[in-house]
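Please read the following report alongside the sequence and the coordinates.

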Amino acid sequence: MSTKSVAPFELFYDLIYAYAISRITATLHLVDNGIISGLHLAEFLMMMLVFWTIWTYQTVYANRFYHHGLVDTLFLLFNLFIVIYLAQAITPDFSATQTAFSLSTSTLFCSTAVQYLLQRHEQNQSAVKRLCSALAGVLGIAAVIGYATLFLPSTWPYRLRFGIYAVSILSAAFGPLLFSNRIKTVPPHFDLFTERYSEFILLLFGEAIITVSTSIQELHITPFNILYYLIIVLLFATYLCMQKLGIDHQRKTGALVWIHSHYFIAVAIALLPVLLLEFDQQQLAPFFTSFMVTLTLALFYFNLYWNMRAYRASGIDLSGKRLFYLFFSLMLWALFSWLSAQWPTVFLSGLMLYLLANLLYLWQFILHPGK
């Protein structure tokens, strides 16, 4: 069991991210002819990846090296202020604030890179030094690309400038995969690591629950309010079942699967409430809602499966029949949702029953591995 603990400043740091993600999801309320455009979805995914990446780097650094010292605390507080500024830059018109995003994220990458370079100087083990150099290098390259976007001609098409900025974020987010062997040699404290990520996911579920209150008009409870609440509770229970019972928290691992799969889980948790709320308000076309909800559920469930496949607790059977069940049940839901999309109450009732069936199935094979 790890002797490290989460510092109060780290928890303080997490709060701004819940606020930021609530602002990001608000940008999806731009519906045109019953659909959310591909560009707005891409901007949503990019903004989610921005905040997920900078939060992950700070969390991973703290997990390995943070010892409540003055220097690390000052870096954490500096980064927190930049994140606050970045959160305020979130608007539905991403093109208007791309400069703020480029400046902020590049500065955060530089700040974290400096932290890793300082750790490289302080550490004695060669494996730790190599890891610090690799991560500082990835962050440095991402920062240079990000800063470069500040000097692109304004006459260039927005999609091109957005694409170059995306390269900066994708480099930082997925660059560490190139150094997976170095990361495995200096594994994080996995029990504390899973705790931090679960706390962050809990914040996202909290934001989803808050949507229940915003959907209640004049204290009049509708079938949507009840069904939406049950849907979020079932999703949370499913995640909790996987995290608490399905994972070996004492495993020695680089945790790369955990990190990257949780981005998609976070996207699903942030996106689903928006889709259901817009659907209830008749802003989204029924069949677009059916497709997007099915895609969101696929992100959620298959990334939970990916986590359990990589870090499963002893004795849990994750053979092909489990994956077949996921595919088969998802296809049944896709068919039902397509047929019922014209009737919101039927659609949501079916979604609730689908989530309940999946939770019971997950609970059954985790608690009774032989079945």
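## Confidence of the model

Within the protein chain, confidence reaches its lowest mean, 76, in helix α1 (residues 8-26), while its highest, 93, is found in α11. The model is a predicted one, and the mean pLDDT of the protein chain is 86, with 94% of its residues at 70 or more. Where pLDDT is low, the predicted coordinates should not be read in detail.

## Aromatic pairs

The count of aromatic pairs comes to 29. In one of them, the ring centres of phenylalanine 302 and phenylalanine 327 lie 4.9 Å apart, and because their planes stand at 45°, the pair is classed as tilted. Phenylalanine 302 belongs to helix α11 (residues 286-311) and phenylalanine 327 to helix α12 (residues 320-340), so this contact ties together parts that are 25 residues apart in sequence. Both residues are partly exposed, phenylalanine 302 with a relative accessible area of 21% and phenylalanine 327 with 47%.

Tyrosine 325 and tyrosine 361 also form an aromatic pair, here a stacked one, with 3.9 Å from centre to centre and 25° between the planes. This pair links distant parts of the chain, since tyrosine 325 sits in helix α12 and tyrosine 361, 36 residues apart from it, in helix α13 (residues 344-367). Elsewhere, ring pairs join Tyr17, Phe51, Trp52, Trp55, Phe101, Phe193, Tyr197 and Phe200 into a cluster.

How many disulfides does the count come to? The count is zero. A disulfide is a covalent bond between the sulfur atoms of two cysteines; for cysteine 132, which is in no disulfide, the nearest cysteine sulfur is that of cysteine 110, at 17 Å, whereas the criterion for a disulfide requires the two sulfur atoms to be within 2.5 Å.

Are cysteine 132 and cysteine 241 buried or exposed? Cysteine 132 is buried, with a relative accessible area of 0%, and cysteine 241 likewise counts as buried, at 4% relative accessibility.

Key
Residues numbered from 1 in each chain as written. Predicted model: local features only at pLDDT ≥ 70, side-chain atom pairs only at ≥ 80, totals over all residues. Heavy atoms only, no water. Phe/Tyr/Trp six-rings, centres within 6.5 Å; stacked < 30°, edge-to-face > 60°. Helix = DSSP H or I, 4+ residues; strand = E, 2+ residues; numbered from the N terminus. Buried < 20%, exposed > 50% of the residue type's maximum accessible area, 1.4 Å probe, protein only. pLDDT = per-residue confidence, 0-100.
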